[in-house]
Structure formats: C-alpha cells, structure tokens
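Here is a brief report on one model, for a reader who works with coordinates. Please look at the sequence and structure first.

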Amino acid sequence: PPRILTLEEPVLHMDHCIAFAVHGNPAPTLHWLHNGQVLRETEIIRMEFYQQGEVSEGCLLFNKPTHYNNGNYTIVATNQLGSANQTIKGHFLEKPFPVVSGLFSFRMQYTPKSLCVDSKAFSFQVSIAVGLAAFACVLLVVLFIMINKYGRRSKFGMKG
C-alpha cells in the first residue's frame, strides 16, 4: 500500500510549494483536500510531481496565494492495495482589514461577501466630512465676493 514519506510546510521558491514524497507499488494516484473538501487544480493551485521507481516526489504549487488559501491541506495516496493520507497546515497571508480602534477610526470586518462597518462611527465621520466641505464652500463664496468688491482697481491708476 502507499506510504507518505514526507510532507513539508509551504515554502516560497518561485511559487509557494508544499513538498511531498509518496512511496507505493503499484504507483498510487494522488489527490488533495483543502479543509476536508476536494481541491480542484486551477491556474493558482496545481500539483507537479515525477515518478522515480516506486517513489513519487513533487509539490503542490500556489501562484500568489491569499488568505483564502490558508487552511489544512491533506494529501491522499491510493492504489489497489490501500490508501494513506497526511495533513499539514498551510498559512500564506493574514486576513486584511484588522480591527482598528481610536478617536476617528471605525471597526471594519472583511468577509468575502460583504464589508461591514460600525454605523454610528461611520455616520459621525460622514457628518464631519460634510461639515468640512460646507465650511470650505462658504469660505470660497466669501473670498469670491471680497475679491469682486475690493479687487476692482484700475490698471492705469485712473478712477472710473
């Protein structure tokens, strides 16, 4: 039956690689699970290996993985005589948008489906932004009126 010789934590070479070596005769078929679900190969995640005698060596390769790729990775080797599996934890990136606290900050939690914001803090920040914009508009109007009233000087010193 197949036997998993090595399974290593992800290492960055050209891509991130979970290296493995599996022994079996007849040669086992290999597939991967991510957090207990069958892992489908994509352009981001792919498996490359070569067979040398009774040993298959290779890598599960990740091209620029994100926090969605964090989790447990299980290699499953199966042949006619049995199967073997082994799990390793893969951690690539932290989740974005950590919780921030302070006077003018608001709590952000990022989920794949939505971006949730604390409504009281957010409405306070919006009201401050609107107040500053209104003040700037009033200031511009006053400056425009003053320039028109006091800025009418004759270019040649003649009084009109």
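F62 is buried, with a relative accessible area of 0%. Buried means under 20% relative accessible area, exposed means over 50%, and partly exposed lies in between (1.4 Å probe, protein chains only). F92 also counts as buried, at 12% relative accessibility. The ring centres of F62 and F92 are 4.8 Å apart and the planes meet at 45°, so this pair is tilted. Rings of Phe, Tyr and Trp (its six-membered ring) pair if their centres lie within 6.5 Å; planes under 30 degrees apart are stacked, over 60 edge-to-face, and the rest tilted.

The F62 and F92 pair joins distant parts of the chain, 30 residues apart. F62 sits in strand β7, while F92 lies in the loop between β9 and β10 (108-110). Helices (H or I, at least four residues) and strands (E, at least two) are DSSP runs, numbered from the N terminus. Ring pairs join F62, Y73 and F92 into a cluster.

## Basis of the model

This is a predicted model: local features need pLDDT of at least 70, side-chain atom pairs count only at pLDDT 80 or more, and totals for chains, interfaces and linings use all residues. Residues are numbered from 1 along each chain as its sequence is written, and side-chain values use heavy atoms, with hydrogens and water left out.

The mean pLDDT (the predictor's confidence in each residue, from 0 to 100) of the protein chain is 83. Of its residues, 81% reach 70 or more. Residues 106-115 stay under 50. For that stretch the model has 23 contacts beyond four places in sequence, where contact means heavy atoms within 4.5 Å. Where pLDDT is low, predicted coordinates should not be read in detail.

## The nonpolar core

The largest nonpolar core has 18 residues. Such a core is a set of buried Ala, Val, Leu, Ile, Met, Phe, Trp, Tyr and Cys residues joined through side-chain atoms within 4.5 Å. I18, F20, W32, L60, Y73 and I75 touch the most other members. The elements giving two or more residues to this core are β1 (3-7), β3, β4 (29-34), β6, β7 (55-62), β8 (71-79) and β9 (82-90).

Beyond four places in sequence, L60 touches residues including I18, F20, W32 and Y73. R46 is also among the contacts of L60.

The structure holds three aromatic pairs. In one of them, the ring centres of F20 and W32 are 5.7 Å apart with planes at 70°, so the pair is edge-to-face. F20 belongs to strand β3 and W32 to strand β4, 12 residues apart. Both F20 and W32 are buried.

How many salt bridges does the structure hold? There are two. A salt bridge is a side-chain nitrogen of Lys or Arg within 4 Å of a carboxyl oxygen of Asp or Glu. D15 and R46 form one, at 3.3 Å from N to O. This pair links distant parts of the chain, 31 residues apart: D15 is in the loop between β2 (11-12) and β3 (16-23), and R46 is in strand β6 (residues 45-52).

R46 also bridges to E48, with the closest N and O atoms 3.1 Å apart. The salt bridges therefore link D15, R46 and E48 in a network. D15 is buried at 16% relative accessibility. R46 is partly exposed at 26%, and E48 is partly exposed at 43%.

## The annotated helix

An unreviewed UniProt entry lists residues 122-147 as "transmembrane region". UniProt positions follow the numbering used here, feature names are shortened, and annotations may be inferred rather than shown by experiment. In the model, residues 122-147 are 100% helix and 0% strand. The end C-alpha atoms of this stretch are 38 Å apart.
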